[in-house]
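Please consider the following notes on the structure shown below. They are set out as numbered points for a reader new to the subject.

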Amino acid sequence: MSIPVPAPAKWHLQSDRLGSVFVGYPRIPGEPLLDGQWRELESAGVPVVRGIARQLAAFLNELHSVPADALGESGPEYDGYREWSDLFERIRVKLYPHMNREAQRWTERHFASFLGHGANFRITPMLVHGDFGGSNILYDPERREISGILDFGSSGPGDPAMDYAGLLASYGEPFLRHMIELDPDMEGLLERVKFYQGTFALQEALFGLENDDPEAFRDGIDAYR
């Protein structure tokens, strides 16, 4: 990969008398590219932002060039329609009681327009990161470049648009437009990118509700009140 990723050097995959499960890898230097670092980066000017866009576009092109079947038999089969229709049903059953009617109607329109368009599911699944946001993108403020990508715990077969949605949520559409300038084929993903990004707060609220995490639930549901 053109950007460093975790390369495990030590691991123990059973919880037994020898110890707990762990994986260890050499530390990748850098700081998460969150709001503070992002504002500093933007203030440095368009050439710096474009340089970051170029790095991330190259990385995602490399990652998304890996076909799902390269993951072997252990890789789960990707069924986009089932995945998103199941998510919508869980949202309706579990989150609607906590949402006002206006938020419910917005959610119904958002999912209906996506689920009712068959082209959204006629895609070739590729390897995706699955959580490609600022907390997992490491930045070197001195060199003003991306120094590493972390946390592949959600990676697997999926729609490449999901990873761009993480960037949209973290850095906004103007940054995504820089990436589209570098890779015009991304334009065809944009509708799916915006759909996925529009579900993130709902997914956070649902995660909080299903996993007894009040903070995650509150952070997610507040966006729809």
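Which helix lies across β5 and β6?

1. Helix α2 (residues 46-63) lies across β5 and β6, and runs at about 30° to β6. Axes are lines fitted to C-alpha atoms, for helices over the stretch in contact, with angles from 0 to 180 degrees between N-to-C directions; contact means heavy atoms within 4.5 Å. Helices (H or I, at least four residues) and strands (E, at least two) are DSSP runs, numbered from the N terminus.

2. The model is predicted: local features need pLDDT of at least 70 and side-chain atom pairs count only at pLDDT 80 or more, while totals for chains, interfaces and linings use all residues. Residues are numbered from 1 along each chain as its sequence is written, and side-chain values use heavy atoms, with hydrogens and water left out.

3. Three strands form an open sheet in the order β3-β5-β6, with antiparallel pairing. Because β3 (31-32) and β6 (145-149) stand at the edges with a single partner strand each, one side of each has no neighbour in the sheet. Two strands pair if DSSP finds at least two bridges between them; β5 (residues 137-140) and β6 are joined by four.

4. The largest nonpolar core contains 55 residues, and L56, W84, L167, F175 and M179 have the most contacts inside it. Helix α2 gives the most to this core, with nine residues. Such a core is a set of buried Ala, Val, Leu, Ile, Met, Phe, Trp, Tyr and Cys residues joined through side-chain atoms within 4.5 Å. Buried means under 20% relative accessible area, exposed over 50%, and partly exposed in between (1.4 Å probe, protein chains only).

5. Twelve salt bridges are counted, each being a side-chain nitrogen of Lys or Arg within 4 Å of a carboxyl oxygen of Asp or Glu. One of them joins E89 and R92 (2.9 Å, N to O). Both residues lie in helix α3 (residues 80-95), three residues apart, or about one turn of the helix.

6. E210 and R90 form another salt bridge, with their closest N and O atoms 2.8 Å apart. This pair links distant parts of the chain, since E210 is in helix α7 (residues 190-210) and R90 in helix α3, 120 residues apart. E210 is partly exposed at 32% relative accessibility, and R90 is partly exposed at 34%.

7. K194 and E173 also meet in a salt bridge (3.5 Å, N to O). K194 lies in helix α7 and E173 in helix α6 (residues 173-182), so the pair ties together parts 21 residues apart in sequence. Salt bridges with shared partners join E173, R177, E187 and K194 into one network.
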